[in-house]
Every structure is written in C-alpha cells, then in structure tokens.
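Student: Could we go through this structure together? I would like to learn how to read it step by step.

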Amino acid sequence: MAVKKFVVGLFDDEAVLFPAVKKVRTAGYKLHDVYTPFPVHGLDHAMGLRETSLHTAGFIYGITGTTTALSFMSWVFNVDWPLNIGGKPHFPLPAFIPITFELTVLFAAVGMVMTFCYLCQLMPGVKKHIFHPRQTDDKFVMVIELTEKTNAEEVKSFLAAAGAQDINEQKAEAGWWFGRYDKDDEPYLRKIQTANA
Amino acid sequence: MHLKYESTLREPLVDGVKDYHQVTEDIISPIEGKPGKLWYVGFFISLTLLGFGAFSVFWQIYFGVGVWNLNKTIGWGWDITNFVWWVGIGHAGTLISAILLLFRQGWRTGVNRAAEAMTIFAVMCAGQFPIIHMGRVWMAFFILPYPNTRGPVWVNFNSPLLWDVFAISTYFTVSLLFWYSGLLPDFATVRDRAKTKLRKLLYGVAAFGWTGSTKHWQRHEALSLVLAGLSTPLVLSVHTIVSFDFATSVIPGWHTTIFPPYFVAGAIFSGFAMVQTLLIITRKVLHLEEYITLGHMEAMNKVIVLTGSVVGCAYLTELFMAWYGANPYEFATFFKYRAAGPLGWSYWIMMTCNVITPQVFWFRKMRRNVMVTFVMSIIVNIGMWFERFVIICTSLYRDYLPSSWAYYRPSWPEVGFYMGTFGLFFTCFFLFAKYFPVIAVAEIKAVLKTSGENYKEKMEVYEEESAEKFAHDVAHAH
C-alpha cells in the first residue's frame, strides 16, 4: 500500500461518536476508518459502508460442498467400483444425506472463514499500524486521511469541536505488511522516513 | 442515547460498576499475572493423568486390543461409552455459542468462550476412543475415502460409522473455526496492552493482525451469524449420527426411532453440567463472579432441568415401547436385563442421577445455590456416563444365545485410557484458563451498556416515559 498522513481522534462514548461520524461525512473529509473495541451496531451504516456479501460467499461454498459430496459418493458407488452391499441400491439417497449435510457445513464454514481472513487481510505474521493502543480496549478511534486538499489544523479543530480527545497527526502505512509486534520494523520505518523527506 | 433498551426487570448480566476499560482489566489481567498455586497443582495432576493415559494406550497398542476386557459378546464397552459421553459434553458449548446467539440470549456472552473451549477439548478426547478401539491404530487412515492401490476400494458411504467420521471431524473443525474467529479481537486486546516482548510477539501472531476496523467488525458479525446458523443444525446432526451407530443396528435396546432426539437432549444435559463444573471453579479462581453471575448459573440450571426431564421421558417411552411393541426380545432386554439382572445396578444409578436428582432445580433457591449446582453438575455427568454404559452394555451382555451371555468389567488399560482423556481435557482447560481470555471481552462490552448493573440503573428514566415518546426518540436518534 502506501504511507499516508492521518489525523487521529479518540472518542469515549458511542453517543458522541455517531454524531461526529455524521459531521465528518457531511463536511466531506476522507474518513479512513473508525476502530472500535467491539462491534458497534449501526456504525457501518453511519459510515456509509455497504453491506458485506460474505453470506453469499458462504452459500456458494455450501452448495459446492453439497454437490461435491453427492457427486463423489454416487460416482464411487455407480461408476468407479459398483459394489453390491446387501442388495441395496447403488444410489441410496437417504443414506447419503448425513455425509452430504456434513460436507455442506464444512465447505461453507471453512470457505467463509478463509474468505473473511482474505478480505480483512488477517493472517499469522501480518502486521498493521495501530493508531492508538487502546483502540482494542475502550476507545473509539476515528482516523481521517489527509489529502492534498485538507488542512491538518482545520481537521484537528473540527474533530475537537465534534467531541474528540487526544487529537494527533500520524504518518503511517495504510495497508498491511509482514512483521512482528514485539519489534519495530526497520524497512517500514525507512519507508516512512523517505516519505517524510 | 443508546439504541437498545432493556427492561430493569431483567437481571443485569454484568454486576458491579464497570466501564469498558474495567472489563478489559478484569478479564485480561489474569493472563498477565503469574498463575496461583492451585493452578500448578491442578495442572500437574492433569499432566500425570495424561501421562498415565498415554501409558495405557501404549500398552493397548503394544499388546493388542486383547488387554481390554471386551469379549465376543460385549464388543463395545468403556471405549464407546466414553466416546459418546465426551461427544455429548461438547454439545453444550455449541448450543451456547450458536443456538443461543440465534435466539438472542444475552447471557451467553458471559459463558460462551469457556463453553466453546470445553467443546473443542471434549471432542478431542472423544475422537481418541473410536481410533484407538480399532485395535490396529496404524490402519486408522483406512476410514478416509482416499484413492488407494487396492482397486481403489472405497469406504462404505452407507455405514453410520463412516457418517460418524464425517460428523465428528466436521464438528471439530467448525467449532474450532467459530471459537478462534471469536478469539481474534480479544487476542488483539491482549497484544495491544502487552508489556513484555514475548507476549506482544505471541499474541501478535495469534491475533492475525486484527485492528478493530469497522468494516472488519461488520464482516466479523456476518461471519459469526452464519457460523452460528451452520453450527445449529450441525450440533443436532452430530449426536443424531452418533445415535445412528446404535439405532440402525438390529440389537434390541438399540433399534429404536427415539434415539436421535433422546441422544441430543442427553448431550445438552451432560454438556451443561460440565460447563457448570468448569465455570464454578473458573469464576472462583479467576475472580469472575461479576461476569459469570448467579443469573447465568440459574439459566443453565433451567436448561439442565428441561433436558433432564426430556431424557427422563425418553427412558419411560423406551420402557413403554418395550412392553407395547410386543417384541419378546426387546421386552427381555429392558425388563429382565436392563432394569434388573446382573448389570441392573447401572440402570438405577442412571435413573437416580439423571431423572430424580435434577428435579431439585425446579426450585429457584436451588438453581441459584453454587454448592448445590456444583454437586448436581457432577451427579448429572456420572448419570450420563451410566446412560451410555447402560445403553451399550446391557443391550449386549444378554444376546440371543444364552451360552454366549457374559459379564463385563473394565481392565486397567481401559480405565487408564479414560483417565488419560480427563488428563488431556483438564491440561487443555488449565492452559486455556491461563493463556486465553476466558470470557469474550468484546462481546461483554457490546452488551455492557444495556445489561451492566450500573447502566441499568440509568434506564429508569426510560421506564417512566411513554412508549410513543421512546419510539419517537429511537427513530430519530441519529
């Protein structure tokens, strides 16, 4: 990704955060993200994010599982090695239901979790910039991206008026990189320094 | 104003004066401190048991399955009893995390993490038994439908035993994914407040780089909801399929259509009892009484008395059908060799522990009594172990041919193997209690402002205003 400049503001209370999000959007600032320690219901709508399609992906993975199980079992019993098991039919659909169901669930669950991790760029070894250490504890952290058109001081006073505290400016990598949380990342820091220069 | 309002008549889910930071502090700080003496004692007892179990399994594999006291009449004994018992225990975790999520039961947030952990450890224990009881364990991979050089000869997809392979492995995988996806945000919380380098590194890896972005939370919520929707039929299917191992056979005492619902109810019954056993100790040791309240225990005791009564009805239905079905063999199994006969004592232990004693939970005072709950939770699990023993052994030990009638008592490797799984279960649980957030921190925070004790006091303003005004205010809140 890229190193960008941000203005960061902290909120204590959802009741202050919601109107602030609305104000930032109407003012036309580029809202990078809001980091919250728990899922705040309605915040995604307030920020104007579109609904996730993860459910649809789950459904597609599920029917893939269904067809895999049914076609594989019927191929084995009818084509590859037709075996007479106690005179039972070669396509015993009721006896196929348990495994078909299990594979549907398995495919849907595994597929969805992997898609979730891919979409959110989550993986062991992945590192991302943490704008404030308490964003996973008790603070709601609003991050506004500074573009060429925005004035940092103006954004700061705007955020202060909206009820934010501890407002500061940060230069950070907006995406993810491979790194360890116990170490500062040398190449990453150099990248920021070059951006500063 | 907060969007969701909850009546003050409902008991708070979090006691005491809490804010978000205090919740983090209360739940995460045991991870950061040194474990107490009791933890070490418990952990080493568990490790010893695990070691003894490993030795028993080694003994059985080295000398063959003949070291067990199974015989030609009783081909399934402690091994399958323990398998069904452990799988059953796992079911409560999924019920709490999935079914109660769909039913929007707020109280699940306090107990779901530990209950799901219990599910995973219990299924790990359960899985050992069918594999080890195969005898030639090194051939265990034959149960997988993989292309082989013997034809390929495939597994029999009509067999309930194979359905079990798919059911248990799917159940384990999905439970693990569900549990871990819920853990990601909490690991990130531990990571961001970590003071030592090692902790920052390890929890940094475990948290997968979670930041708490709103978009990620939105996807996380969608994922949890769909996983809950998938786990709900899954958990019902797993014990249904376990019951098919018996119900699709032609053994009197096993061949009954009542088995699937009866097994599922029994599984939830024993699982909740195990959750109670674990959480009563955990809340005491980690000082989490404000998060796992008497209200939580009462709710779980209600489930116990309900499912216990369902199981009781199933026992009576079985007896009735054995008489009403007019099958002399089935009648003999139930009335001559199960409720009476050389193994009859086990039937009456089962009846006492599962049907009679749980009835104390009809009384509110008993449901909210920690000591009574703890003792009852152990009684229920003894009873549920005997239920599986009764179903398996009393149906087998008197078969159609009186000359092959036999008696069964376990040998030391069978007992040792069972104790070993206790060792595994508690070793895992002790490690979990020390290194993992035992309560879902983020989920507690999400319900704190509606269900926390100090926030509920502020609800009285809304209690007094008219419904129209409240609805109007909510509609124009943002």
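Student: What should I know first?

Tutor: This is a predicted model, in which local features need pLDDT of at least 70 and side-chain atom pairs count only at pLDDT 80 or more, while totals for chains, interfaces and linings use all residues. Residues are numbered from 1 along each chain as its sequence is written, and chains are lettered from A and ligands numbered from 1 in the order in which they are written.

Student: What is the order of the strands in the open sheet of chain A?

Tutor: The 4 strands follow the order S2-S4-S1-S5, and their pairing is antiparallel. Helices (H or I, at least four residues) and strands (E, at least two) are DSSP runs, numbered from the N terminus. Two strands pair if DSSP finds at least two bridges between them.

Student: Which strands stand at the edges?

Tutor: S2(A) and S5(A) (165-173) do; each has a single partner strand, so one side of each is left without a neighbour in the sheet. On average, neighbouring strands are turned by 25° against each other, direction ignored. For such angles, axes are lines fitted to C-alpha atoms, for helices over the stretch in contact, and angles run from 0 to 180 degrees between N-to-C directions.

Student: How many bridges join S1(A) to S5(A)?

Tutor: There are 7, and the two strands run antiparallel. A:Lys4 stands opposite A:Ala172 in S5(A). S1(A) (residues 3-11) also pairs with S4(A) (residues 140-145), over 6 bridges. There, A:Phe6 stands opposite A:Glu145, A:Val7 has A:Ile144 as its bridge partner, and A:Leu10 has A:Val141.

Student: And how many bridges link S2(A) and S4(A)?

Tutor: They pair over 5 bridges, in the antiparallel sense.

Student: Is S4(A) mostly covered or mostly open?

Tutor: S4(A) is mostly covered, with 5 of its 6 residues buried. A residue is buried if 20 or more other C-beta atoms lie within 10 Å of its own, exposed if 12 or fewer, and partly exposed in between, with C-beta atoms placed from the backbone.

Student: Which helices lie across these strands?

Tutor: H1(A) lies across S1, S2 and S4 of chain A, at about 10° to S4(A). H5(A) (residues 152-161) lies across S1, S4 and S5 of chain A, at about 20° to S1(A).

Student: New topic. How many residues of chain A are in contact with chain B?

Tutor: 63 residues of chain A are in contact with 58 residues of chain B; contact requires C-beta atoms, placed from the backbone, within 7 Å. H4(A) gives the most to the chain A side, with 16 residues. By class, that side has 42 nonpolar, 10 polar and 11 charged residues. Ala, Val, Leu, Ile, Met, Phe, Trp, Tyr, Cys and Pro count as nonpolar, Asp, Glu, Lys and Arg as charged, and the others, Gly among them, as polar.

Student: Which residues touch the most other members of the largest nonpolar core?

Tutor: A:Ala109 and B:Val275 do, in a core of 152 residues. A nonpolar core is a set of buried Ala, Val, Leu, Ile, Met, Phe, Trp, Tyr and Cys residues joined through C-beta atoms within 7 Å. Its largest share, 16 residues, comes from H5(B) (residues 160-192). Leaving out residues up to four places away in sequence, B:Val275 touches B:Ala92, B:Val111, B:Ala115, B:Met118 and B:Met300.

Student: At what angle do H3(B) and H8(B) pack?

Tutor: H3(B) (residues 78-102) and H8(B) (residues 259-285) pack at about 75°, with their axes 6 Å apart. That makes them roughly perpendicular, a term for angles of 65 to 115 degrees. Their contact has 9 nonpolar, 7 polar and no charged residues.

Student: Last one: where is B:His287?

Tutor: B:His287 lies in the loop between H8(B) and H9(B) (294-324). Its phi is positive, about 55°, although it is not a glycine. Most residues other than glycine have a negative phi. B:His287 counts as exposed, with 12 C-beta neighbours inside 10 Å.

Student: And B:Ala326: buried or exposed?

Tutor: B:Ala326 counts as exposed, because it has 9 C-beta neighbours inside 10 Å. B:Ala326 is in the loop between H9(B) and H10(B) (328-338), and its phi is positive, near 60°.

Technical notes. Angles under 35 degrees count as roughly parallel, over 145 as roughly antiparallel, 65 to 115 as roughly perpendicular and the rest as oblique. Two residues are in contact if their C-beta atoms, placed from the backbone, lie within 7 Å.
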